[in-house]
Amino acid sequence: MLNPQYVTGFCDGEASFSVTLSPRGDFWEVRPSFSVSQNKLSRGILYQLKEFFECGYVRPSRGDNTYKYEVCSLKDLATKVIPHFEKYPLKTQKQRNFKGLKKIVHLMERKEHLHQRGVIEILEIMEKINLASKKIYNRQEIQKLVKV
């Protein structure tokens, strides 16, 4: 079993906290995630992380020779990943990204992402901390697509 402090240190260098925001008809899909990528030869650590957090999955990444450990489940993020990084805080800029992801997960737990105001709040958090997203939408696009 991995040492919790080692996990935080490893994640400080290798992990990503991200949120993808995508329009789906007349609502916005919000997908927070925690992930770690490694070269195929080092993928064993990803399976150890999966065992440590007791959630998520490991998969080959498309297009290159890497593997990714990823946790996308809102419940697992809220009950396993977030508590770990609260108890064993990150030391780099990733702490800021973690805090943003944590805020977004808590908004989603309260179902606020299902309303325009909540989606805009999520967008504002993403903009402030620069969470990775495939595309960043502006407020006007959200207001057009989300019914008030």
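Me: In what order do the elements of the protein chain run from the N terminus on?
Reply: From the N terminus on, the order is α-β-β-α-β-β-α-α-α-α. That gives six helices and four strands in the protein chain. Both kinds of element are DSSP runs, numbered from the N terminus: helices are H or I with at least four residues, strands are E with at least two. The model is predicted, so local features need pLDDT of at least 70 and side-chain atom pairs count only at pLDDT 80 or more, while totals for chains, interfaces and linings use all residues. Residues are numbered from 1 along each chain as its sequence is written, and side-chain values use heavy atoms, with hydrogens and water left out.

Me: What makes β1 and β2 a pair?
Reply: Two strands pair if DSSP finds at least two bridges between them. β1 and β2 have 10 bridges, in the antiparallel sense, and therefore meet the criterion of at least two. Within this pairing, Ser18 stands opposite Ser33 in β2.

Me: How do you know that β4 pairs with β2 and with β3?
Reply: Six bridges join β2 (residues 27-39) to β4, and the two run antiparallel. Four bridges join β3 (residues 57-60) to β4, again antiparallel. Ser37 stands opposite Lys68 in β4, and Pro60 stands opposite Tyr67 in β4. β3 and β4 form a hairpin with five residues between them, and Gly63 in the turn has a positive phi of about 85°.

Me: Why are β1 and β3 called edge strands?
Reply: The four strands form an open sheet in the order β1-β2-β4-β3, with antiparallel pairing. β1 and β3 each pair on one side only, and they are the edge strands. Neighbouring strands of this sheet are turned by 35° against each other on average, direction ignored.

Me: Which strands does α2 touch as it packs on the sheet?
Reply: α2 touches β2, β3 and β4, and its direction makes about 10° with that of β4. The angle is taken between N-to-C directions on a scale from 0 to 180 degrees, with axes as lines fitted to C-alpha atoms, for helices over the stretch in contact. α4 lies across β1 and β2 and runs at about 40° to β1.

Me: Why is Ser33 called buried?
Reply: Buried means under 20% relative accessible area, exposed over 50%, and partly exposed in between (1.4 Å probe, protein chains only). Ser33 has 6%, so it is buried. Ser33 is placed in strand β2. Leaving aside neighbours within four places in sequence, it is in contact (heavy atoms within 4.5 Å) with residues including Ser16, Glu70, Leu77 and Leu101. Leu101 is 68 residues from Ser33 along the chain, yet their C-alpha atoms are separated by 8.1 Å.

Me: What makes β4 a largely enclosed strand?
Reply: Five of the six residues of β4 (residues 66-71) are buried, so the rest of the structure largely encloses this strand. For the protein chain, buried residues make up 45% of the 148 residues.

Me: Which residues have the most contacts inside the largest nonpolar core?
Reply: They are Phe34, Leu49, Phe53, Tyr69 and Phe85, in a core of 40 residues. Elements giving two or more residues to this core include α1 (4-14), β2, β4 and α5 (116-129). A nonpolar core is a set of buried Ala, Val, Leu, Ile, Met, Phe, Trp, Tyr and Cys residues joined through side-chain atoms within 4.5 Å. Leaving aside neighbours within four places in sequence, Phe85 is in contact with Thr8, Cys11, Phe17, Phe34, Phe53, Leu90 and Phe98.

Me: Why does the approach of Lys80 and Asp76 count as a salt bridge?
Reply: A salt bridge is a side-chain nitrogen of Lys or Arg within 4 Å of a carboxyl oxygen of Asp or Glu. The N to O distance for Lys80 and Asp76 is 3.8 Å, so the pair falls within the 4 Å limit. They are four residues apart in helix α3, and therefore separated by about one helical turn. Lys80 is partly exposed at 28% relative accessible area, whereas Asp76 is buried at 17%.

Me: What joins Arg24, Glu29 and Arg31 into one network?
Reply: Salt bridges that share partners join them. Arg24 forms a salt bridge with Glu29, the closest N and O atoms being 2.8 Å apart, and Arg31 meets Glu29 at 2.7 Å. Arg24 is partly exposed at 38%, as are Glu29 at 26% and Arg31 at 31%.
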